[in-house]
Amino acid sequence: MTDESSRTVISAKGLTRTYQLGDSEVIGISQIDLDIAAGELVVLKGNSGSGKSTLLSLLAGLDRPTGGELMVARHDLNHASDIQLTQFRRQVVGMVFQSFNLLPTLNALENVCLPALLAGKSLVETRPKAMELLRWLEIEDRLHHLPAQLSGGEMQRTAIARALINDPAIILADEPTGNLDSRNGQIVMDLLAELNRKWNRTVLIATHSTLADQMASVRMGLKDGMITSFA
Amino acid sequence: MKMLLFFLRLFIWFSLRNMRRHMGRAATVLFGIALGAAVFTSVRLSVNASLDSFSKSMDLIAGQADHVLTRPGGYVPENLMATLLNQEIMQSASPVMSTYTRVSQADAEPFLLIGFDPILDRPMRQWRVDDQSGQQGAAWLDLLKEPYTLILGKPLAHQLKLAPGDSLILEHARQKVRFKISGMLEPNGLALAESGRIAITDIATFQEFTGLFGKVDRIDLKLVSSATSKDLAAVEQLLPEGIQLNPPTATRESGQMMIRAYQLNLSILSFASLFVGMFLVYSLVALNAASRRHELAVLRATGASAYHIFFIFLAEGAFLGIVGWLVAIPLGHILIKYLLHGVSQTISTLFVRVQVDALSLSVYEIVFSFFVTVGISVLAAYQPAREAMQVPPKEALEISQLGMQARISPRQLAFGGLGCILLVVPLSKLPAILGMPLPGYLAIFLLFVGFALLAPWALVKISHILSSILLKRFGIPAYLAGRYVRDSGTRTAVSVGALITAVALFTALVIMIFSFRQTVAYWTYETIKGDLFLTSKMGQINRFRYPVPQPVIDHLQNYRSQVDLLPNRQFFLTYDKFPYVFELMDMQGYMQYASFFWLKGDPDKIRPMLKGGEGVVVSEVFSNRTGLSVGDFFEAQIEESYVKLQILGIVRDYRTQGGAVFYSLPHFNKRYHPVYWGGLRFFFKDRSQDLDAAVARLRTDIIDRLGDRVDMYSGKGLRGAVLRIFDETFAVTTVLLLIALLIAGLGIATTLSVLVLQRSRQLNTLFALGASFRQIRSMIFWEAAFLVVIGELAGVICGFILSYLLIYVVNRQSFGWTFIYAVDWDALLLSIPLIIITALAAALPAVKMVFRRPPATLLRER
Ligand SMILES: Nc1ncnc2c1ncn2[C@@H]1O[C@H](COP(=O)(O)OP(=O)(O)O)[C@@H](O)[C@H]1O
Ligand SMILES: [Mg+2]
């Protein structure tokens with residue numbers, strides 16, 4: 001294994017995802033070739049419907065490609081079983097969503113702990129780490145609040161803590177600021193950048209806001225499911 | 001362990017907290033399932049209590065005997081004892097007699113009097129005289145030394161407020177006699193039979209009391225352990241004609257068999273409540289799975305496996321089952337009080353006399369009811385759990401979704417449903433398995449499933465057909481409601497399925513009970529004819545085993561000028577364990593006033609043959625149970641004669657014991673042997689007079705002349721009693737039925753609320769688009785009306801098919817009888833709109849719920 005290839009955490013060849021809708025075929029993404037090295041901060045831009053979420057869902061192991069090759073952190077995602085995909089989601093990636101997606105019946109702390117518990121850790125060993133994360137994200141006074149009692153910014157920070165609880169190598173964020181005001185949007189983007197810089201995580205952000213433009217190490221443009229720019 | 005803890009935590013975080021949020025919904029479902037479980041369990045426990053008490057009594061009375069000598073329909077000569085005791089293989093032998101008797105006072109309850117030889121009986125039965133109540137030993141010696149002494153079971157003594165040394169007057173067929181109480185039985189062994197309402201006396205006293213000199217009911221035998229079947233056969237050789245040697249379990253088994261058949265029927269009926277409860281669990285779990293779809297995707301995206309999700313939802317089902325079962329305990333406690341009495345009453349009148357004073361809680365029944373309740377709840381959760389586990393994790397993302405995934409189409413379901421319904425036809429033709437109508441029950445289950453599967457398709461079709469009419473006549477809310485019901489398809493089908501089941505059950509049982517009652521009423525009216533019936537004292541409860549005393553018969557001859565006297569005699573026998581009654585009667589006289597309720601055979605041809613004693617007619621039940629039909633020969637040992645007679649016809653008969661065979665009394669006397677009269681019926685020759693008054697006059701006259709020596713029933717009273725027993729029997733059924741309907745009502749209430757809640761965004765969007773509260777409420781109301789009316793309609797159709805299955809398959813196979821199909825249109829026409837109104841009332845909470853939260857907040861939620 002060469003030095004170069006070991007630094008590559010995401011590598012796609014001819015990656016395609018199409019959807020069958022009745023008789024017609026809708027293209028999510030088509031023929032994407034991609035190599036992303038560890039430690040990059042990738043910003044993915046494109047209009048609504050251009051395929052950003054589709055690509056992220058493939059990278060996150062939430063969905064399977066219909067064509068092409070996809071290796072993420074040495075996991076061959078188009079030949080993985082359901083169980084392997086679940087394992088992959090637990091260990092390799094952390095997701096941040098546009099609408100936060102906190103579970104409404106769990107309080108902030110519980111939401112953060114959940115992925116660790118699902119991965120088989122005990123609550124006792126998980127709690128301190130979750131508290132630490134929440135302290136770092138400056139929401140330690142909101143631990144026992146349900147999502148409905150949190151503000152948008154607090155919810156998204158909780159979601160970031162949740163994404164980090166299992167120490168994933170890759171953070172994937174789909175429109176993380178889409179449901180936030182600009183101030184909170186800026187805070188979230190700064191946090192993601194900090195994760196990349198200080199903690200050395202590979203971060204992919206799909207967004208059409210300009211907030212992330214300056215911090216990106218790679219800018220990628222998508223249109224109609226295809227890459228239009230990569231720099 | 002760690003795994004379990006984690007899973008429990010996940011369940012609490014995810015499911016339990018959600019249920020707590022929607023407490024009302026969960027509580028309704030819990031109540032429904034609890035009610036179902038309570039009904040199911042208490043019915044089984046009640047029948048078991050009767051079964052146990054019966055079996056225990058039989059065992060205690062049978063004692064240690066390993067063989068019993070009896071003569072079917074008659075008595076065993078006592079002098080056989082000498083021969084028996086001479087046999088090498090005979091360890092012990094004890095002659096036994098028993099009869100119901102009672103203290104001579106108004107409305108005294110009968111109790112069982114047992115007569116045996118206290119010495120010979122020692123090795124057979126366990127009984128001890130209470131030390132405190134008399135000097136041990138002396139009391140039972142008194143039985144031998146002093147005539148007319150007896151020992152009472154303690155409960156009986158307490159009920160009668162009597163103690164050793166007191167005396168009491170007992171009455172029986174022949175006479176009233178004063179007995180002296182020499183002691184009380186310790187409450188164990190024989191003393192526990194009939195819940196302690198027994199008394200023992202010496203066999204000589206018993207014979208004198210009943211007039212059965214030299215005869216005994218049976219002789220219990222205990223053989224030495226080395227006895228071979230050859231030895232046994234040798235003993236049988238010594239027995240006079242008609243005396244049979246059997247294991248003592250035979251009578252017990254036939255009684256148990258009947259109670260078990262009854263239990264199965266009631267269990268199935270009560271299971272219907274649980275079945276409807278199952279729909280409730282399904283609808284709640286399915287709602288949770290559907291409405292929390294996005295949360296499921298998030299769970300999956302954050303690392304939950306598909307099996308985590310699957311088990312969470314199975315656990316929801318299990319949780320509802322377990323808590324429901326726990327809630328069922330207090331509910332069942334209340335129900336059982338009512339059922340225990342009703343059920344034992346029914347069993348006593350229909351099958352065998354039982355005395356139930358306590359509930360026997362068997363571990364088996366408790367575990368069984370727990371597993372059935374939890375089992376069906378888990379089963380109900382299975383399908384939603386499968387669907388939940390298939391939610392793709394990708395749905396956690398905001399993907400610009402275009403289409404919807406294809407679900408199973410209503411058409412496919414309808415085909416499945418039709419398949420199920422078609423299967424009913426061949427299943428209903430299959431014979432019973434082990435005497436139980438299992439294929440019939442399976443057919444009923446498939447019928448329900450089939451109709452539930454047809455429901456979505458019917459909803460689509462009907463609302464499609466109706467939509468333009470609705471728009472034109474009832475405006476946009478009705479139109480939108482129709483559209484919604486059409487498109488929601490499978491989602492609403494579950495609650496419609498529950499409604500169909502309950503309505504079908506209701507319709508079918510209304511029809512069945514009505515047909516049954518009409519038929520029985522007709523049968524009663526046609527065949528239980530007679531202006532006055534007379535038997536020896538306590539003749540009925542003692543199955544006419546004691547003759548009408550000769551002085552009574554002599555005196556009755558005086559009335560010959562006004563009345564026709566028709567003597568009869570009944571023998572209670574078994575045919576391969578199946579109990580039936582062989583009835584001898586004056587066919588000539590009978591057919592002059594009454595008629596049989598013919599089912600098979602040409603009445604005009606049969607009547608003269610019956611009068612001529614050329615053969616017998618048998619009841620439908622007898623024919624179904626024994627497989628004997630017209631042209632076959634009925635064969636039986638009756639007292640000392642072996643009877644073989646051709647079956648001329650089959651008649652309907654609904655007497656409590658099931659099977660019946662009828663033959664001419666004078667011809668029996670001529671052909672076989674003379675028999676005494678067990679009872680008589682009177683017909684007034686002058687039919688134009690005031691018969692009620694004439695009966696009353698005759699009755700008083702007989703009492704004036706003979707004293708209180710016989711039991712008499714007016715024909716009118718007897719016919720009324722038959723129908724009253726019938727109604728009492730079905731009271732239990734009616735209660736079960738109402739509970740099933742109640743649970744279905746709960747189902748409607750939950751489903752509609754759920755349908756509203758699921759669409760709060762949509763409804764608010766409608767509101768934003770300019771719909772008024774009124775319009776939206778009216779739309780919800782129309783939806784409810786749609787579901788209810790269609791559910792009801794399908795339910796009634798299903799019910800008609802079901803009633804056919806119940807009458808011609810299930811009843812035939814489990815009781816042996818069928819009825820003349822009759823539909824109680826009055827009851828149906830009255831109750832169906834009532835159910836619709838009730839179901840619509842159940843929709844009210846949903847209608848009210850629409851705008852409980854301000855519309856604006858709903859728009860923001862997802
Ligand atoms: N489940 C699906 N069925 C059909 N088409 C889909 C599905 N998911 C996404 N698409 C289509 O794929 C394309 C890309 O969508 P998406 O990845 O959500 O874009 P973006 O996130 O950039 O807005 C769109 O045209 C969308 O309609
Ligand atoms: Mg998107």
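The radius of gyration used here is taken over C-alpha atoms, and the rule for a globule is 2.2 Å times the number of residues to the power 0.38. For the 231 residues of chain A, that rule puts a compact globule near 17 Å, and chain A agrees because its own value is 17 Å. The model is a predicted one.

**Chain A as a whole**

The C-alpha trace of chain A spans about 50 × 45 × 35 Å along its principal axes. Its secondary structure consists of 7 helices and 10 strands. Buried residues account for 56% of the 231 residues in chain A. Of the contacts in chain A between residues at least 6 apart in sequence, 70% join residues at least 24 apart.

**Chain B as a whole**

Chain B has 25 helices and 21 strands. Its C-alpha trace extends over about 100 × 70 × 50 Å along the principal axes. Of its 862 residues, 57% count as buried. For contacts between residues at least 6 apart in sequence, the share in chain B that joins residues at least 24 apart is 82%.

**Surface and charge**

The accessible surface of chain A is about 9,800 Å², and carbon and sulfur atoms hold 49% of that area. Chain B exposes about 36,200 Å², with 61% supplied by carbon and sulfur atoms. In chain A there are 22 positive and 26 negative side chains, and the centres of these two sets are 4 Å apart. Chain B carries 81 positive and 63 negative side chains, with 14 Å between the centres of the two sets.

**Cysteines**

A disulfide is a covalent bond between the sulfur atoms of two cysteines. The search of the whole structure finds 0 disulfides over all chains. What keeps Cys798(B) from a bond with the closest cysteine sulfur? That sulfur belongs to Cys420(B) and lies 12 Å from the sulfur of Cys798(B), which is too far for a bond; the cut-off for a disulfide is 2.5 Å. Cys798(B) counts as buried because its relative accessible area is 0%. In chain A, Cys113(A) has 1% relative accessibility and is therefore buried as well.

**Lys45(A) and its surroundings**

Lys45(A) belongs to strand β3 of chain A, which covers residues 41–45. Its relative accessible area is 22%, so Lys45(A) is partly exposed. Beyond its neighbours within four places in sequence, Lys45(A) is in contact with several residues, including Lys52(A), Asp213(A) and Met220(A). The contacts of Lys45(A) also include the run Thr207(A), His208(A), Ser209(A) and Thr210(A). Ser229(A) is 184 residues from Lys45(A) in sequence, yet the two C-alpha atoms are 9.5 Å apart in space.

Most residues other than glycine have a negative phi. Glu138(A) and Asn200(A) are listed below with their positive phi values.

| Residue | Phi | Loop in chain A | Relative accessibility |
|---|---|---|---|
| Asn200(A) | about 65° | between α7 (182–198) and β8 (202–206) | 57% |

Methods. Residues are numbered from 1 along each chain as its sequence is written. Chains are lettered from A and ligands numbered from 1 in the order in which they are written. This is a predicted model: local features need pLDDT of at least 70, side-chain atom pairs count only at pLDDT 80 or more; totals for chains, interfaces and linings use all residues. Side-chain values use heavy atoms; hydrogens and water are left out. Helices (H or I, at least four residues) and strands (E, at least two) are DSSP runs, numbered from the N terminus. Buried means under 20% relative accessible area, exposed over 50%, partly exposed in between (1.4 Å probe, protein chains only). Contact means heavy atoms within 4.5 Å. Accessible areas come from the Shrake-Rupley method with a 1.4 Å probe; for residues, only the protein chains shown count as cover. Lys and Arg count as positive and Asp and Glu as negative; His and the chain ends are not counted. The place of a charge is taken as NZ of Lys, CZ of Arg, CG of Asp or CD of Glu.
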